[in-house]
Structure formats: C-alpha cells, structure tokens
Amino acid sequence: MIEAHGLTKRYGPKLAVDDVTFTVRPGTVTGFLGPNGAGKSTTMRMIMGLDRPTAGRVTVNGRPYAQHTRPLAEVGALLEAKAAHPGRTARQHLLALAATHGIAPSRVDEVVELTGLAAVARKRVGGFSLGMGQRLGIAVALLGDPRTLILDEPVNGLDPEGVLWVRNLARYVAGEGRTVFLSSHLMSEVALTADHVIVIGRGRILADMPVQQLVDGASRRLVRVRSPQAAALAEALRREGGAVAPGDDGALEVTGVDAARVGELAAVGGVVLHELTPVASTLEEAYLELTADAVEYQTERPADALAGAARPDTPEGSHR
Amino acid sequence: MTAPTTTAEAARSTTAVQRVTFTRVLRGEWIKFRTLRSTVWTVVITAVVMVGLALMMAAIMQVAADTPEMSEGMSQDPGLQAIGLTGTTIVTFGYSFGALAVGVLATLIVTSEYSTGTVRSTFAAVPRRLPVLWAKLVVIVLTTAVVVAVALAIAYVATAPLLEDAGLSVDLSDPEQVRALVGCVLYLATVAAFALAVGTLMRHSAGAIFTIVAIFFVVPLIFSIVVQATDAAWTDWVNKLLPSVAGERVISRGAATDVLLDPWVGYGVLAGYTVVLLVVAAVTLKRRDA
C-alpha cells in the first residue's frame with residue numbers, strides 16, 4: 001500500500017510533481033502512465049525517500065519508507081537500470097545489499113536464478129547489456145521478498161521474452177496479495193499488465209481508475225455501420241439518441257448506441273446492413289484524449305505553456 | 001515464478017529478512033570495499049611504496065654515513081636539523097605518498113557511488129543514510145590504520161640493518177619516536193576521514209580529488225614559498241594551520257617553533273577540521289536528493 005498526499009517536487013523553476021494525491025492498493029498491479037518527463041520517476045524516488053518532497057508526504061505500508069526497520073522487506077524497487085558499480089559482479093552487488101538486512105547468500109542465489117542471471121552472476125556488471133542490467137535491478141528489488149514492488153520502466157531494454165517475464169512476474173506478485181506499482185510511457189504495456197491505472201501529465205494526476213474504466217469511459221465508443229439505405233438508418237439512429245457521422249467510403253460512424261441496438265433498429269426498420277462493426281476505443285486513444293485535455297488546459301495559461309516549452313527536453317532522472 | 005502459492009502463504013515472508021543494524025550496514029560496506037579490484041590494488045600499492053621509500057631513504061643514509069663529506073654536510077644542513085632527522089623520519093618517509101593514495105581512495109569510496117548510480121541501491125536498502133556514511137568511515141579509517149601500521153612495521157624491520165650502519169636506528173624507548181610512528185598511522189587515517197567527508201560533500205570524483213590534492217599538496221607548497229618570501233605574520237599563521245602542515249607535525253620530531261605547532265596541537269587542528277567536515281557532510285547527506 002502506497003499513499004501519497006499533496007506530494008509536490010520543485011526543481012528550481014520547474015514543478016516536476018504538482019500536488020499529487022493517490023493510493024496504490026495491494027493485490028493489484030497499478031500502472032503509472034505518462035509521457036517522458038511527466039514526473040513518474042520523481043514520484044517514485046520520493047516514495048523511496050531518495051528525493052525529498054517540496055511539500056506533501058508519502059507513506060509505504062503506513063509510514064514513510066525511511067522509518068521502516070526492514071526497508072527491503074517493505075519495498076523492492078527498480079528505479080533505473082545499472083544502479084551498480086561496473087567493477088563489481090552482479091553477485092557481489094547483491095551480497096553487499098543483502099548484508100545490510102542479514103539476508104542469507106542463499107537468497108541471493110535464489111533471486112539470481114529467478115531473474116535468469118545465473119550464467120552471468122559472477123561477471124562484472126560493466127559488461128552487462130541494458131537488459132541484463134535491468135534483470136539485476138529486478139533481482140535487487142526482489143531480494144528482501146518485499147510486500148510492495150516498485151518498477152520504473154521495467155521493460156526498457158528487455159527482449160520480448162524478458163518483457164513477457166516481467167509482465168507475468170508483476171501479475172504473479174500482485175496475485176499473492178502484494179502491491180505492484182509499475183511505470184511506463186507505453187500505454188499498451190500498462191493495458192496488458194495493469195488492473196488499475198494512474199495517469200500523470202506535467203506533474204499532475206489526470207486519471208486514477210481501473211484500466212477497463214479508462215477504456216470504457218473513453219468518449220469515442222464507436223460502431224461502424226454500412227448500409228445501402230444509409231439515410232433511413234441514420235434517421236432511426238438519431239431518433240434513438242445516437243450521434244451519426246459519415247465515415248470513410250460511405251460508412252456511418254455511430255456513437256451513443258451500441259452495436260446490438262444498431263442491429264435491432266435496422267431489423268425493425270427493414271434496413272439492409274452490409275457491415276456492423278463495434279470499434280472499441282484503445283487505451284492509447286483514451287490516454288491521448290486525457291493528455292490532450294491537459295494540453296488545452298495548459299494553453300489557457302500562456303506562462304505555464306511557455307515554461308514547459310522552454311525546457312522540452314528535461315528528461316526524468318537527468319538531475320543527479 | 002512458476003510455483004502457485006496461495007495468498008495466505010505469501011503473506012508470510014519465506015525469506016529471513018532482518019532489521020537494518022549498524023553492524024549489518026558495516027558488513028555491507030566492507031563487502032563493497034573489498035570487492036573492487038581498484039580498491040584492493042590501491043591499498044596494496046600504498047603499502048609497497050611506503051616500504052620501498054623507507055628502504056630507499058635508509059640506503060641513502062647508509063651510503064651517507066660511509067661518506068664523510070655527505071655526513072658532515074647533513075649534520076650542518078639547517079633544514080635537516082629543523083626536521084629533526086631520526087630513524088622514524090626514514091621509516092615514515094612515504095607518508096606523503098600515503099596521504100595522496102589514501103585521500104584519493106577515501107574520496108572515491110563515496111563519489112564512485114554517485115557516478116555509477118550505486119548510491120540509489122545503497123540508500124534504498126538503508127534509507128536513513130547516515131549509517132552508510134559512518135560505516136564507510138569505519139571501513140576506510142580502520143583499513144588505512146591497519147595497512148599503514150603493517151607497512152611501517154615491515155619498513156621498520158627491513159630498514160633496521162641499514163639504519164644501524166648509518167647510526168640512525170629507530171629507538172622505541174624514545175617517546176618522541178614512538179609518537180612519530182603512531183602519529184603516522186593517525187595522520188593517514190585522519191586524512192582518509194577528511195577525504196571521505198570532502199567526497200560526501202562534493203559527490204563528483206574529479207572535483208573532490210582535485211580539492212584533496214589542492215588542500216594537502218598544492219596550497220602547502222604555495223605557502224611554503226610565500227612564508228619565505230614575506231614577513232607578514234598572518235602567512236605564518238595560515239601556513240601552520242593548514243591541514244597538512246598542522247597534521248604532519250605529529251609525525252615529525254621536535255617541539256613547536258614560531259612557524260610550526262606543537263605535534264599534538266597540530267594533529268588536533270587536523271582532527272578538528274575533519275570532525276567539522278564530517279558533521280557538515282552528514283547533515284547535507286541526510287538532506288539532499290540522492
């Protein structure tokens with residue numbers, strides 16, 4: 001369980017995280033979705049006590065992370081790939097961290113095995129690929145068998161097999177009743193892995209809802225219908241309260257009436273249908289709609305828009 | 001991740017994870033220290049060079065003792081008389097090189113964590129942070145003390161025949177000479193602590209190493225010239241209060257002069273700087289974003 005209240009982080013003139021309040025619940029995978037620079041990594045670093053909030057507070061399992069007596073048993077975090085000295089072997093890196101919690105070397109070997117690093121565990125981290133570095137980061141996160149798992153862009157640099165593995169891992173861990181908080185700038189990734197999604201843009205929470213609801217709630221829930229009697233059908237649909245717009249090559253794009261009802265109306269009216277296709281809105285579309293709103297909101301405040309535009313390439317984690 | 005587990009089972013952690021204690025943090029820092037080849041090599045080379053320099057100086061002294069012109073010249077050299085040449089001067093001759101090596105090593109122990117990103121793993125495991133600083137302090141100070149003590153012991157034994165020939169045998173019944181030997185261990189251990197604090201404050205390897213080299217080697221060099229060139233009293237004071245000039249007094253023989261502090265007072269000045277720096281480093285470490 002992660003609870004953030006009014007969490008704010010300011011770097012000089014830039015408000016990286018702006019009064020953010022949310023709760024990440026156990027037993028589910030919660031996706032943390034937003035474009036690069038939206039404040040995801042900064043928020044996660046504040047959860048881990050690595051960055052000090054400018055305002056607000058965040059607790060993990062009831063108290064600030066730093067106040068836990070066994071921090072690695074509370075939260076395991078992958079915050080960036082290659083958070084290890086290139087001169088040490090993967091195993092040495094893990095052993096050093098394990099020692100701080102009196103974790104036995106056998107557990108180190110366990111997570112090495114689990115993350116598929118057995119073959120390279122005694123090799124120095126300097127020679128690791130991005131994907132291997134990522135696996136080492138996940139091994140570190142799992143070391144203390146934590147109740148909460150925080151993964152910042154976990155699939156970065158992983159091969160397809162690795163991506164699938166991370167997805168299954170997140171689902172499995174959540175299935176055990178633990179909390180999983182996973183960030184991504186890829187909406188498809190979140191849609192595949194998460195049950196719940198928190199969307200962040202420009203440091204603000206834009207949505208906090210079940211993934212399904214985000215998709216369902218998207219205004220463009222569309223039915224495409226094609227008929228030689230288009231005019232009569234459109235008339236019937238409008239009477240039913242639907243909105244009808246002409247689509248490509250003579251098809252009608254209907255919103256406000258679902259596909260089943262369109263079919264019924266056509267049958268009642270004796271209208272011939274050549275095509276009847278429900279077009280589900282994707283998470284991408286829902287997401288773009290949300291961020292589009294944020295952009296509109298921003299343009300109403302030119303000062304903010306300029307401040308953002310002047311520093312378009314401030315990536316998360318660039319400040320060290 | 002294939003074995004199906006029920007929620008009830010998962011609620012109980014199967015892995016033994018214990019509370020973070022200082023001893024455990026210390027163990028973790030010790031693993032980090034000894035698992036870097038560069039660290040191990042630096043330590044070994046420091047010891048070897050310190051012994052080598054002592055042997056070299058002892059050999060020169062032996063030759064000098066056999067050569068009447070050289071020994072006469074040395075007995076009349078005011079510089080050598082001021083240092084107060086004894087057997088310990090020879091045995092501890094490599095301390096300056098040792099200070100450089102230990103200073104760089106102690107700096108890197110912290111700054112390399114920042115340059116490689118390791119610090120985020122470290123602070124995720126020990127989010128209170130300060131135990132990490134104190135553990136690093138214990139590791140670097142104890143390692144330095146042990147290594148320097150061993151190097152001096154080897155140098156003492158190895159140079160003994162040469163120094164006896166030169167009539168400069170180390171006299172362990174002379175408290176001044178014992179103080180110089182112990183002082184050498186203390187001085188280098190304190191330089192390590194000083195450098196650790198500077199590294200923690202500055203975080204960047206190049207900047208921190210430059211600062212250490214400037215404070216311990218460049219500034220004293222400049223002041224040694226300035227002090228000669230001017231009569232201004234403040235230059236004498238600044239000079240004798242420089243960390244290296246003050247601290248090195250504990251390795252030397254001889255009492256305080258107008259331009260130098262008493263040995264223990266001098267060491268106290270260096271230790272004072274070090275404590276202040278460590279406190280500032282601790283406060284900033286706790287406050288700043290990692």
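**Two chains, one predicted model**

Mentor: In chain A, the axes of helix 3 (residues 90-99) and helix 5 (residues 130-142) come within 10 Å and cross at roughly 25°. Axes are lines fitted to C-alpha atoms, for helices over the stretch in contact, and angles run from 0 to 180 degrees between N-to-C directions. This is a predicted model: local features need pLDDT of at least 70, side-chain atom pairs count only at pLDDT 80 or more, and totals for chains, interfaces and linings use all residues. Residues are numbered from 1 along each chain as its sequence is written, while chains are lettered from A and ligands numbered from 1 in the order in which they are written.

Trainee: What makes helix 3 of chain A roughly parallel to helix 5 of chain A?

Mentor: Set the angle against the cut-offs. The crossing of helix 3 and helix 5 of chain A is at roughly 25°. Angles under 35 degrees count as roughly parallel, over 145 as roughly antiparallel, 65 to 115 as roughly perpendicular and the rest as oblique. So helix 3 of chain A is roughly parallel to helix 5 of chain A.

Trainee: Which residues make the contact of helix 3 and helix 5 of chain A?

Mentor: Helix 3 of chain A passes helix 5 of chain A in a right-handed crossing. Ala90(A), His93(A), Leu94(A) and Leu97(A) come from helix 3 of chain A, and Leu136(A), Ala139(A) and Val140(A) from helix 5 of chain A. Residues are in contact if their C-beta atoms, placed from the backbone, lie within 7 Å. By class, this contact of helix 3 with helix 5 of chain A has six nonpolar residues, one polar and no charged.

Trainee: Why are helix 7 and helix 11 of chain B called roughly antiparallel?

Mentor: Helix 7 (residues 95-116) and helix 11 (residues 205-229) of chain B cross at roughly 160°, with axes that come within 9 Å. Helix 7 and helix 11 of chain B are therefore roughly antiparallel. Their crossing is right-handed. Ala99(B), Leu100(B) and Gly103(B) are among the residues of helix 7 of chain B that meet helix 11 of chain B, where the partners include Ile209(B), Phe216(B) and Phe217(B).

Trainee: How many residues of chain B are in contact with chain A?

Mentor: 39 residues of chain B are in contact with 44 residues of chain A. Helix 1 (7-11), helix 2 (22-34), helix 3 (37-66), helix 7 and helix 8 (118-125) of chain B each give two or more residues to this side of chain B. That side has 16 nonpolar, 14 polar and nine charged residues.

Trainee: What makes strand 5 and strand 9 of chain A stand at the edges?

Mentor: Look at the order. Six strands of chain A form an open sheet, 5-6-7-3-8-9, with mixed pairing. Strand 5 and strand 9 (204-210) of chain A each have a single partner strand, so one side of each is left without a neighbour in the sheet. Neighbouring strands are turned by 15° against each other on average, direction ignored.

Trainee: How do you know that strand 5 and strand 6 of chain A pair?

Mentor: Count the bridges. Two strands pair if DSSP finds at least two bridges between them. Strand 5 and strand 6 (residues 148-152) of chain A have four, in the parallel sense. One bridge partner pair is Val75(A) and Thr148(A). Strand 6 of chain A also runs parallel to strand 7 (residues 179-184) of chain A, over five bridges. Helix 5 of chain A packs on the sheet, touching strand 5 and strand 6 of chain A.

Trainee: Which way do the residues of strand 5 of chain A point?

Mentor: Val75(A) and Ala77(A) point one way, Gly76(A) and Leu78(A) the other, and all are buried. Buried takes 20 or more other C-beta atoms within 10 Å of the residue's own (exposed takes 12 or fewer, partly exposed lies in between; C-beta atoms are placed from the backbone). Of the 320 residues of chain A, 45% count as buried.

Trainee: What is the order of the open sheet of four strands in chain A?

Mentor: The order is 11-12-10-13, with antiparallel pairing. Strand 11 (243-246) and strand 13 (275-279) of chain A stand at the edges, each with a single partner strand, so one side of each lacks a neighbour in the sheet. Here neighbouring strands are turned by 25° on average, direction ignored.

Key:
Left-handed = near helix turned anticlockwise from the far one by under 90°. Contact = placed C-beta atoms within 7 Å. Nonpolar A, V, L, I, M, F, W, Y, C, P; charged D, E, K, R; others polar.
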